[in-house]
Amino acid sequence: MNHRESYEQLRDAYLDGTASQSDVDDLRQYLESSNELLDDYIEHANQDAALLWDGLPDYEPPVTQSSSASNRMNLFWRYAPLVAATLLFTASISWEWIRSNPKPVATILSSTNCHWGTGTLPTSVGQELQSGRLRLISGIAELQFSKVTVSMEGPVDIELISAERCRLHSGSIVGSVSKGGEGFVVETPGAEIVDGGTKFGVFVDKVGHARLDVLEGKVDERRLGRGRQLTVNTSKQASPGENVNPEMFWEPDERSLENESIRGAHDKVIHVSSAYGTGDEGDVTTGPDQEGVEFPRPEHALLVKHSRCQEWNRKAFIRFDLTSVSTLDLSQVDLRLEGIPTGMGYISQVPDSTFRVYGIKPEFNIDWSSQTLNRFNFPARLHKTHDLDLDKVQLLGEFVIAQSKPQGQFIVTDPRLQKFIQDGLGSTVTLAVTRVTPEAGSKSYVHGFADRTHPTASPPTLRLQVKPPAGE
Amino acid sequence: MSDSNEETAEFIQLLTESQRTLFQYIHSLIPHRNDADEVLQETNLVLWREYHQFQHGTNFRAWACTVALNQVRAFTSKRRAKRPFFDTDTLMLISERQQKKSAYFESRLDALERCVKKLPQRKRMFVDKRYRIGFTIETIAKDMGSTVDAAYKMLRRIREDLHTCVDRTLSQEGLGK
């Protein structure tokens, strides 16, 4: 190794923090011996400092290897958000997920010109999806359930319930059942469609009016206590009560709330995100300073921080619209938040952090809006301060974010949360998320959670698990 | 606005403008993120406390660097047992050189921003993990599925790529050494 190489090795060891005292002494001799090396050292040290201070200009998380063919670039950029979603989702497999072990119910088989809305699931091609909600604003996508393919033509709002069941809130889908997939159910407002091994299209408009188009086979209709059931069969034999019309129209069941309740009971799980209905979210910084040119804030993030310096305390507020689910008996409630990188402060400056979730007591749940939310008007504010008034809130649970993993899915499951949500069914509820753990040093990290506008990560979501009613 | 308020506003402006430079200056003397950050905070406090001694119209950056150097010396003397640092003479040597060629070092940083954007994706991801997120080399190696040695080599290659790119950029702009 020549002198230059030896110097460079010492320089890098010093910059990396791995140099011994002897290395430092050797490096000192090099620096004293030559202005050229002295300049080189300063240039490298400054370079490292600039990267630490500024990070990467305009840096976006890498998405995939692009093809060498130029015409592949359009495809690359089109699907970049989807692939980014894969990376984010992969990163989100935190220990909470592993512990709760949710099973995939479907896979996104393909997507063409897709623009996804604010659902509760990732939207990358090939992604295995747990139960949850997908909103396709435009484009065409195919979902592969175990033995059933469902084509969606945006705009579609669909809820994946299990490998054998989905619920179409609005939009058009076409279901094709492979052999062995008979019995797959598509729920619509007022009716269930049971696929007996054929192909059919369903359209539900925004007010719940629905139409069934039988593309192959026939329909069998039965009235059930919870509405009607339509079975699409390939059978040529007529059976009593068989309806052979190739198209059928129906309206939402008049007993919609009760129906919703029973259908919810049947599927056992309902997802409600902050994007649903009159849901909303926002965060509040307690100090007078606001982000500006000098301190840009990340988009699509709810920021949370606890600082010994009161100026930069931050808390997030999330409202869930539970007005459409009123008579359910819940067996479990999860709050799911997805941590996303904020680029604000240093992770090394904050230890493993405990977060608290509070519910705003109904009598103090003012009608707030993210458009106007600020440190003077947030719900449950302690008079003349920027803190929560603990008499106006209920502690619903805690969760911990490890220093090494501020990103990913965080799940709060707590009997207090369950009771609060159970009591709040039929209304809107507001939750506040705060960090209890203060910084360990200056410029500490500001934690962020995806909001409902985030292009790839899941918005704040309540997962309601419903007790089956007695006798079912 | 009262004199006191005006003075405070002026100080805040000068301090804000010099934070990045101060961090880089301190980092060149004690190149460890947390150490440099701690000294920067201490420096800021001293600058505020001693601001009445600052002669208006003179170079705030130079004055601030002098204060920072004293804070670095105090810091390294306290922490010598914990982590090896340069001795005072070497700190002075680096400090004087930083001050003497400050315009040149500053121009390198402008070019650096453009060079970072040219890094291939894999290297940008590495830089993001190492510098912005603050992962250790061991963690990055684990993420990459490579050895720690290979990760260190990649970091060195990235440093050299950036350094070479900055040299080339300045040379093209007639601002080289």
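Biologist: Which residue stands opposite A:Gly359 in β22(A)?

Modeller: This is a predicted model. Strand β19, residues 353–360 of chain A, pairs antiparallel with strand β22, residues 428–435, over five bridges. Within β22(A), the residue opposite A:Gly359 is A:Leu431.

Biologist: What is the bridge partner of A:Phe355 in β20(A)?

Modeller: β19(A) is also joined to strand β20, residues 393–401 of chain A, by eight bridges, and these two strands run antiparallel. In β20(A), A:Phe355 has as its bridge partner A:Phe399.

Biologist: How many residues of β19(A) are buried?

Modeller: Buried here means under 20% relative accessible area. Strand β19 of chain A is mostly covered, and of its eight residues the number buried is six.

Biologist: What span does helix α8 of chain B reach from its first C-alpha to its last?

Modeller: The helix covers residues 148–172, which is 25 residues. At 1.5 Å a residue the expected value is 36 Å, and the model comes close to it, with a span of 36 Å.

Biologist: Which helices of chain A do the buried residues of α8(B) pack against?

Modeller: The buried residues of α8(B) include B:Leu155, B:Ile158 and B:Leu162. In chain B they pack against α5, α6 and α7. In chain A their partners are α1 (3–16) and α3 (35–54).

Biologist: How many residues are in the largest nonpolar core?

Modeller: Among the members that touch the most others are A:Tyr41 and B:Phe60. A second, separate core has 32 residues, including A:Leu396 and A:Phe420. The residue count of the largest core is 76.

Conventions
Residues are numbered from 1 along each chain as its sequence is written. Chains are lettered from A and ligands numbered from 1 in the order in which they are written. This is a predicted model: local features need pLDDT of at least 70, side-chain atom pairs count only at pLDDT 80 or more; totals for chains, interfaces and linings use all residues. Side-chain values use heavy atoms; hydrogens and water are left out. A nonpolar core is a set of buried Ala, Val, Leu, Ile, Met, Phe, Trp, Tyr and Cys residues joined through side-chain atoms within 4.5 Å. Buried means under 20% relative accessible area, exposed over 50%, partly exposed in between (1.4 Å probe, protein chains only). Helices (H or I, at least four residues) and strands (E, at least two) are DSSP runs, numbered from the N terminus. The expected span of a helix is 1.5 Å times one less than its number of residues. Contact means heavy atoms within 4.5 Å. Two strands pair if DSSP finds at least two bridges between them.
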